[in-house]
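Please look over the structure below before reading the briefing. The notes that follow are grouped by topic.

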Amino acid sequence: MTAESINILGIETSCDETAAAVVTDGEIIKSSVVASQAKLHEKFGGVVPEIASRAHLESICPVIIEAIEKADITKADIDAIAIANQPGLTVALIVGVTAAKTLSFTWNKPLIAINHIHAHMQSAMLAQQNLQLPAVALIVSGGHTSLYDCHSILEPKLLGSTIDDAAGEAFDKVATILKLPYPGGPSIEKIAKDGNPSAVNFPRSLLGPDSLDFSFSGIKTAVLYHCQGQDMKGKSKVHSMTKQQIADIAASFQQAVVDVLVKKTSRAIEKTDAKTVLLGGGVAANNVLRGALEKMCDNNDSVERLLIAPKQYCTDNAVMVASLAYHKFKAGIFADLSLEPKAHGQ
Ligand code: KG4
Ligand code: ZN
């Protein structure tokens, strides 16, 4: 390790994953530990904030200790503590924020506050330190669906976002309608492999010719009507559907969401002078989305580069937090012990 190496301990507790990682110089991943709570929330079909908060409390110390041990460093080697303090579930964020502030104070290390969505963007830029910006970034997660004009890693400009449900949220809710296991995204992708994406023509809401915002509540309702009848008076027909019928609905839903995400990204490319496209967030793990965005970028002469987050860093993790924090460290942007969790923040 050279004398200039900067080791950052990243912490992430914004939703239902307790994560810690040590990243050196923004790109060398020394360790990444993620304790998923998926099993705890499964029977509720979504994240229950109080359960998430309690589970974070139980896992936070063991996860941080494991990340430091796996990185084979001591606290003396850590140069800063980075924490995703927004956006997310306040009762979940507060666990990570409190842990990070405590470590910052007791170990006398600088504290760095990170925006969770910007960190998802960073996961597409891991090991791309000299990337030429600007870039258009599509960030699709359980809580957010956003397009950014990324002229600067530290100050991306929001171009558009969801006006109702996020794409991941729609995947999770449609999975519940189709009686598929939580989390919905991977379940829908799995069953959709055997389905026909043209079987049901679900609506693609584009919100007008110039809009870069997203709306996914309409398609969720369309799937519900399809499964329960327009009047919603009948019982769900899902139990009497064949596996093929469910696969067809899942594939058609997934295709409609992917079509909208790709179309809006292509609009954002037109509106900016970006030659690079970034894709990150939990839904970016979806192979159909990855493939469709790749195809669009291949066919778009103004796009020179598409960078997609590695699959293990699409869903919530602390590597993206520690990696982005390195840029703040270099820029001398630090937080103090008054840092608080914030539910919102683009
Ligand atoms: O980024 P993330 O881990 O958490 C938030 O910041 O919200 O994203 C979680 C979301 C969930 O809604 C999950 O269903 C979705 O990402 N997701 C997927 C896939 N894997 C995770 N959606 C579609 N296809 C997938 N393979
Ligand atoms: Zn996330």
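**Ligand 1**

A backbone N or O atom of Gly 143 lies 3.2 Å from an oxygen atom of ligand 1. This is a predicted model, in which local features need pLDDT of at least 70 and side-chain atom pairs count only at pLDDT 80 or more, while totals for chains, interfaces and linings use all residues. Residues are numbered from 1 along each chain as its sequence is written, chains are lettered from A and ligands numbered from 1 in the order in which they are written, and side-chain values use heavy atoms, with hydrogens and water left out.

- Polar backbone atoms of Gly 142 and Gly 168 also lie by oxygen atoms of ligand 1, at 2.8 Å for Gly 142 and 3.1 Å for Gly 168.
- Taken alone, ligand 1 exposes 550 Å², and the protein buries 90% of that (Shrake-Rupley method, 1.4 Å probe).

**Zinc ion**

- His 116 (NE2), His 120 (NE2) and Asp 316 (OD) coordinate the zinc ion (ligand 2) at 2.0 to 2.1 Å.
- His 116 and His 120 are 4 residues apart in helix α4 (residues 116-123), about one turn of the helix; a helix here is a DSSP run of H or I with at least four residues, numbered from the N terminus.

Methods:
Donors are N, O and S atoms within 2.8 Å of the metal (3.2 Å for Na, K and Ca); water is not among the atoms, so sites may look incomplete. Helices (H or I, at least four residues) and strands (E, at least two) are DSSP runs, numbered from the N terminus. A polar contact is a pair of N or O atoms within 3.5 Å; within protein, one must be able to donate a hydrogen and the other to accept it, and residues adjacent in sequence count only if both atoms are side-chain atoms.
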